[in-house]
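Hello,

Here is the structure I promised to pass on. Please open it first, then read my notes below.

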Amino acid sequence: MTTVGEHYMRGLYGDDDYPGHHGQQQSGGAKALAAGTAAFSMLLLSGLALTATVLALIVATPLLVIFSPVLVPAAITVALLTVGFVSSGGFGTAAVGVLAWMYRYLKTPEQQQLSSKAWAHQRLEQARAH
């Protein structure tokens, strides 16, 4: 019995004469034509994307130069605010984690034993009640 992945890999590498294929063989020329069509389509799309990017840069460059006295300080301010808020959240999360670790670490062994005994006693009482 073959798996779905094995069927996929056999189809991918062109091994079409395996059991369960039901005679849907595709010639090497058809596969090459399909691959060439897909490659040409992707190449065409990448060329269109590059052309659109260059045209957008040509149009946007004068605007960026005109507004740069405003945009550069605004970008710096936004970057600093973002870094500040993200680092503040990260440090706060780290502090809560350290405090939780300290609480668990510094908890006395007697309290740990007591809490585990109380938990076991509670579980025993629950089992007896059912």
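This is a predicted model, so a word on confidence comes first. The chain averages a pLDDT of 81. Of the residues, 74% score at least 70. Where pLDDT is low, the predicted coordinates should not be read in detail.

**Overall layout**

The chain has three helices and zero strands. Read from the N terminus, the order is α-α-α. The chain exposes about 11,200 Å². Carbon and sulfur atoms supply 73% of that area.

**Helix α2**

A straight helix of 79 residues would span 117 Å, at 1.5 Å a residue. Between its end C-alpha atoms, α2 spans only 70 Å. Where does α2 bend? There is a bend of about 75 degrees at Ser-68. A proline, Pro-69, follows within four residues.

**A nonpolar patch**

Six names to select: Val-98, Leu-99, Trp-101, Met-102, Tyr-105 and Leu-106. They form a nonpolar patch on the surface. Together they have about 670 Å² of accessible area. Leu-106 lies in helix α2. Its relative accessible area is 58%. Exposed means over 50%, so Leu-106 counts as exposed.

**The salt bridge**

How many salt bridges does a search of the whole structure find? One. It joins the side chains of Arg-128 and Glu-125, with 3.6 Å from N to O. The cut-off is 4 Å, so this pair qualifies. Both residues sit in helix α3 (residues 109–129). They are three residues apart there, which means a separation of about one helical turn. Are these two partners buried or exposed? Arg-128 is exposed, with a relative accessible area of 58%. Glu-125 is partly exposed, at 36%.

**To recap**

Start with α2 and its bend at Ser-68. Then go to the patch that includes Trp-101 and Tyr-105. Finish with Arg-128 and Glu-125 in α3.

Best wishes

Notes:
Residues are numbered from 1 along each chain as its sequence is written. This is a predicted model: local features need pLDDT of at least 70, side-chain atom pairs count only at pLDDT 80 or more; totals for chains, interfaces and linings use all residues. Side-chain values use heavy atoms; hydrogens and water are left out. Helices (H or I, at least four residues) and strands (E, at least two) are DSSP runs, numbered from the N terminus. Buried means under 20% relative accessible area, exposed over 50%, partly exposed in between (1.4 Å probe, protein chains only). pLDDT is the predictor's confidence in each residue, from 0 to 100. Patches are made of residues with over 30% relative accessible area and no salt bridge: like charges are joined within 9 Å, nonpolar side chains (Val, Leu, Ile, Met, Phe, Trp, Tyr) within 5 Å. Accessible areas come from the Shrake-Rupley method with a 1.4 Å probe; for residues, only the protein chains shown count as cover. The expected span of a helix is 1.5 Å times one less than its number of residues. The bend at a residue is the angle between axes fitted to the seven residues ending there and the seven starting there.
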